[in-house]
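Please read it with the sequence and the model side by side.

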Amino acid sequence: MSDPGKLNTSSSELDLDRPNIEDYLPSGTSIHEPHGQLRLRDLLDISPTLTEAAGAIIDDSFTRCFKSNPPEPWNWNVYLFPLWCCGVVVRYGILFPVRVIVLAIGWIIFLSAYIPVHVLLKGHDKLRKKIERYLVELICSFFVASWTGVVKYHGPRPSMRPKQVFVSNHTSMIDFIVLEQMTPFAVIMQKHPGWVGLLQSTILDSLGCIWFNRSEAKDRETVAKKLRDHVQGSDNNPLLIFPEGTCVNNHYTVMFKKGAFELGCTVCPIAVKYNKIFVDAFWNSRKQSFTMHLLQLMTSWAVVCDVWYLEPQTLKPGETAIEFAERVRDIISVRAGLKMVPWDGYLKYSRPSPKHREQKQQSFAETILRRLEEQ
């Protein structure tokens, strides 16, 4: 016999995950029937199935994959307000200046060593690459220190071996920094403008990183060839790929691109989970530059996360690359406690404008009313 408590818990969890249709109705005057007695919310309450269908059309799980979830509001009162003010003073007046100094010292040490090594040891590639790997790990450690990062690593540390590729879920570009401070990965990543792009084309290029541009279709063939060549080299840094192709808000995982799973090599999954108690590490690149994202992290209390190096996986007989990718995604999602959704992350870059969505929502609401009137 089933436990009623479990049924109630399951039902409440479903209710929490169900979108609220009223949040997406046009603002201003309520939508009424011609006689002004029945509102849309009343009509939708008649049928739970209709409510779920409307919610799925208006606000599906794809949209929620890329939303920054606001922190829980304070229970404001006369006792907590002074404590909140003290917290602001400590974070912005004490911690932030100290962290800026720590990061500045890190850059001074890094550049004063990296530039001479990069210039003077050009004829000694093996030694130069070894020192540069260590220096990149060092500056990544300074970055983590500037957020008061508390990172707990689980599992054996990755080693340099041919014919292996590491794949991880993706929440922010700091995923690379968190992982790089432990292991000098070569990463495949979107090419960025500004100072981040400068770092990519100079310092990170020394690690054997591979850059691509989503707007150029020809980049796919070039990148695929570079990936195959990289995994064959025994002296190359381990290759790290974020197969989601975009940042997701650490509650979901979107579909993995199959490129990393067509290389004919061992796939080593990595699961990264951030603790949102102190700060939300999700980077919404459409609303925030990476510089502002770093400032947000440096003015928070701490960045807390867990990293799991999971058991390596190989392609099973008769398994396609897409099935292999989904199997690895499932392993990462279960370990990090993330929800799998059947969406392609690249759709994020071709979503309709907010004005267009509002017009569709208005049209959808009017269609429901019209059909109910006809019945």
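1. Basis. The model is predicted; local features need pLDDT of at least 70 and side-chain atom pairs count only at pLDDT 80 or more, while totals for chains, interfaces and linings use all residues. Residues are numbered from 1 along each chain as its sequence is written, and side-chain values use heavy atoms, with hydrogens and water left out.

2. Length of α5. Helices (H or I, at least four residues) and strands (E, at least two) are DSSP runs, numbered from the N terminus. Helix α5 has 41 residues, 80-120. At 1.5 Å a residue (the expected span is 1.5 Å times one less than the number of residues) α5 should span 60 Å, and its end C-alpha atoms are 58 Å apart, which agrees.

3. Bend in α5. A kink of about 35° lies at Leu-95, shortly before the proline Pro-97. The bend at a residue is the angle between axes fitted to the seven residues ending there and the seven starting there.

4. Buried side of α5. Buried means under 20% relative accessible area, exposed over 50%, and partly exposed in between (1.4 Å probe, protein chains only). Among the buried residues of α5 are Gly-87, Arg-91, Arg-99, Phe-110 and Tyr-114. Their cover includes α6 (125-146) and α10 (290-298).

5. Positive phi. Most residues other than glycine have a negative phi. Thr-148, in the loop between α6 and β1 (149-154), has a positive phi of about 50°. Asn-250, in the loop between β5 (239-241) and β6 (252-253), has a phi near 65°. Thr-148 is partly exposed at 35% relative accessible area, whereas Asn-250 is buried at 6%.

6. Arg-157. This residue is in the loop between β1 and β2 (164-168) and counts as partly exposed, at 49% relative accessibility. Contact means heavy atoms within 4.5 Å; not counting residues up to four places away in sequence, Arg-157 touches Glu-137, Met-182 and Thr-183. Arg-157 and Met-182 are 25 residues apart in sequence and 7.7 Å apart in space, C-alpha to C-alpha. The Arg-157 side chain reaches the backbone oxygen of Met-182 at 2.3 Å.

7. Arg-327. Which backbone oxygen does the side chain of Arg-327 reach? That of Thr-314, at 2.9 Å. Arg-327 lies in helix α11 (residues 321-336) and is buried, with a relative accessible area of 18%. Beyond four places away in sequence, Arg-327 touches Gln-313, Thr-314, Leu-315, Lys-316 and Glu-319.

Conventions
Polar contact = N/O pair within 3.5 Å; in protein donor to acceptor, adjacent residues only side chain to side chain.
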